[in-house]
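Morning, everyone. Please take a look at the model on the screen, and then I'll walk you through a few spots.

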Amino acid sequence: MLSNYKHIIWDWNGTLLNDVGLCVDIVNNILVKKNLNPLSIIEYKNIFTFPIRNYYERAGFDFSQYTFEEVGLEWMYEYERRRLECMLHSGVTETLMLLKENRIGQSILSAYPHNTLLEIIAHFSLNDFFTHIVGLDNIYATSKVELGKALMKKISNGNGKVLLVGDTEHDCEVAEEIGTDCVLIADGHQSKQKLLACNVPVFDSLLEFSSRLNNSGL
Ligand SMILES: [Mg+2]
């Protein structure tokens, strides 16, 4: 059996979209402008966390000199401008196809703004794989947890096992809050060492996750 799960909830940034390189490049440009040291990808993955303000402080930003909002806005402007430079992780389309063929439902739950999430998923022609695509809408929700709870009602009404696949400790916290199992992939925004502390299965890459589905099920 491929999977005992009836539905998979995917995180987007770092899990399906390989945007780590872009995020590091953008933050490094801002750090250097402020005469701070740039981060290597390994350093980034060791300090990245939520809330983002804590990660910025670990990166060296001094919010007594300028505001968190100023850095955040500059980062977001650059990310929006350059987001189409990103590629999907290897094996995304094949994995989504494998699950679809095996009639396992799939959704996306992201902290990314809803409208831009829809646009970028359409850009990669992935819409048809998902029954629900849910991003943050600041008018109606303030966190991924609230949106996730609403999504769970829509996809399962509590029936059938649901698995959340993400790339950060926060995804694991969300899974716990909304009542799903969780696996993490250490090819995104946080290091494997950090993810292992979550006590859920951790895969090195989406390809490794996919081959586990194919070979021994999950
Ligand atoms: Mg993520």
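Start with one contact. A polar atom in the side chain of glutamine 190 lies 2.7 Å from the backbone nitrogen of glutamate 169. That side chain also reaches the backbone oxygen of phenylalanine 48, at 2.8 Å. Both are polar contacts: pairs of N or O atoms within 3.5 Å, where one must be able to donate a hydrogen and the other to accept it, and residues adjacent in sequence count only if both atoms are side-chain atoms.

A word on the source. This is a predicted model, where local features need pLDDT of at least 70, side-chain atom pairs count only at pLDDT 80 or more, and totals for chains, interfaces and linings use all residues. Residues are numbered from 1 along each chain as its sequence is written, and side-chain values use heavy atoms, with hydrogens and water left out.

Where is glutamine 190? In the loop between strand S7 (181–185) and helix H9 (192–196). Helices (H or I, at least four residues) and strands (E, at least two) are DSSP runs, numbered from the N terminus. Buried or exposed? Glutamine 190 counts as buried, at 1% relative accessibility. Buried means under 20% relative accessible area, exposed over 50%, partly exposed in between, with a 1.4 Å probe and protein chains only.

Now strand S1, residues 7–10. His7 and Ile9 on one side are buried, and so are Ile8 and Trp10 on the other. In a regular strand, side chains alternate between the two faces of the sheet. S1 pairs with S4 in the parallel sense, over 4 bridges; strands pair if DSSP finds at least two bridges between them. Isoleucine 8 has glutamine 106 as its bridge partner in S4. S1 also runs parallel to strand S6 (residues 162–166), joined by 4 bridges. There, histidine 7 partners valine 162.

Most residues other than glycine have a negative phi, and most peptide bonds are trans. The bond from phenylalanine 50 to proline 51 is cis, with omega near -5°. Proline 51 is in the loop between helix H2 (41–47) and H3.

Asparagine 35 has a positive phi, near 60°. Its loop runs between helix H1 (20–33) and H2. Asparagine 35 is exposed, because its relative accessible area is 73%.

Asparagine 199 has a positive phi too, about 60°. Its place is the loop between H9 and strand S8 (202–203). At 71% relative accessibility, asparagine 199 counts as exposed.

That's my tour. Thanks.
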